[in-house]
Amino acid sequence: MSEKRPKLTFDPNVPTEIVLLDSKPFWSGESYDKTSYGWGVKVDGEEMTVFATEYLNGSLMKYGKGDKLTITKEVKDDKTQWNVVPDESATQEIQKNGKMDEAPTQEYWENKDDLRQYQISRGQAWNFAMASLEQCPIKDGTKKAKWDMVLNVVAIRAAQALASMTDYFFHAQIHLEMAESEQHLENICSSMFGRWKRELTEAEFEGITAIAADIKVTIIEELADDEEVDSSVSPPDELF
């Protein structure tokens, strides 16, 4: 579980290589008017937790589960900024003599589809954040906000929108609750479980499986109640 993972501490100006365990933070909370986000990562084979600032969280949200990143806490003149660089070699297709070494698997195409969908969602989140400036303008007191402040606020809003759009557990639950019959539920499960297993954490997938089982029981009970009502209705007297 995430609470048992040790906290990853970044030494100033020392690059740290990590692998994301999920595509979104598993926790968020506020302390001293600042929001922190908990991310599960793997460092040298050990699972750890990164407590990210708003800015670092926005950078991590650009990537997904399994992505290899190098994070550097850059400190200069008492100022700190985060630098996140992806491992391009991990995402490039390995080629030999101009051809793939092996034929792409189903998992390869599924992951590519997930990445494409995530990129679309990320673009939509940024569009939404930019559009929000009209309804929720940024001000610095009575002055017009400087560009750096606008950019930071837009990045935060985009990260928040993307987090909501990629709340896969919530969307999976809503999808299951749409089932109108046992067969309908089975069709949803057979078509979506493979995707949900990739998108959700292990604990979330177990939760969705339990929800599906509960919904199945509810559907069966409701069907049984309907049959009891039908059998309790007396047939009309025949007319002669």
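Where is the place of Asp78? Asp78 sits in the loop between β5 and β6.

## The model

This is a predicted model, in which local features need pLDDT of at least 70, side-chain atom pairs count only at pLDDT 80 or more, and totals for chains, interfaces and linings use all residues. Residues are numbered from 1 along each chain as its sequence is written, and side-chain values use heavy atoms, with hydrogens and water left out.

## The chain as a whole

The chain has seven helices and 10 strands. Both are DSSP runs numbered from the N terminus: helices are H or I with at least four residues, strands are E with at least two.

Of the 240 residues, 28% are buried. Buried means under 20% relative accessible area, exposed means over 50%, and partly exposed lies in between (1.4 Å probe, protein chains only). The accessible surface of the chain is about 17000 Å². Carbon and sulfur atoms hold 52% of that surface. Such areas come from the Shrake-Rupley method with a 1.4 Å probe; for residues, only the protein chains shown count as cover.

Contacts are heavy atoms within 4.5 Å. Among contacts with a separation of 6 or more, 54% join residues 24 or more positions apart.

## The loop between β5 and β6

Asp77 lies in the loop between β5 (68-76) and β6 (79-86). Its phi is near 55°, a positive value in a residue other than glycine. Asp77 is exposed, at 65% relative accessible area.

Asp78 is in the loop between β5 and β6 too. Its phi is also positive, about 65°, although Asp78 is not a glycine. Asp78 is exposed, with a relative accessible area of 81%.

## Salt bridges

The structure holds four salt bridges. A salt bridge here is a side-chain nitrogen of Lys or Arg within 4 Å of a carboxyl oxygen of Asp or Glu.

Glu47 pairs with Arg5, their closest N and O atoms 3.6 Å apart. Glu47 belongs to strand β4 (residues 46-52) and Arg5 to the segment before β1, so this pair ties together parts 42 residues apart in sequence. Glu47 is partly exposed at 39% relative accessibility, whereas Arg5 is buried at 18%.

Glu204 forms a salt bridge with Lys24, with 3.9 Å between the closest N and O atoms. This pair links distant parts of the chain, 180 residues apart: Glu204 is in helix α7, Lys24 in the loop between β1 and β2 (27-31). Lys24 is buried, at 13% relative accessible area. A network of salt bridges links Lys24, Asp167 and Glu204.

Lys216 and Glu182 meet at 3.7 Å, N to O. Lys216 lies in helix α7 and Glu182 in helix α6 (residues 182-199), 34 residues apart. Both count as partly exposed: Lys216 at 34% relative accessibility, Glu182 at 32%.

## The second largest pocket

A pocket is found on a 1 Å grid over the protein atoms alone, as an open set of points where a 1.4 Å probe fits, with protein on both sides within 12 Å along at least five of seven lines; lining residues have an atom within 4 Å of a point. The second largest pocket has about 620 Å³ of space. That volume is the space filled by probe spheres set on the points, which are joined across faces, edges and corners.

The lining has 21 residues. Arg5, Asp22, Thr201, Glu202 and Ala203 lie nearest the centre. β1 (16-20) and α7 (202-232) each supply at least two lining residues. α7 gives the most, with five.
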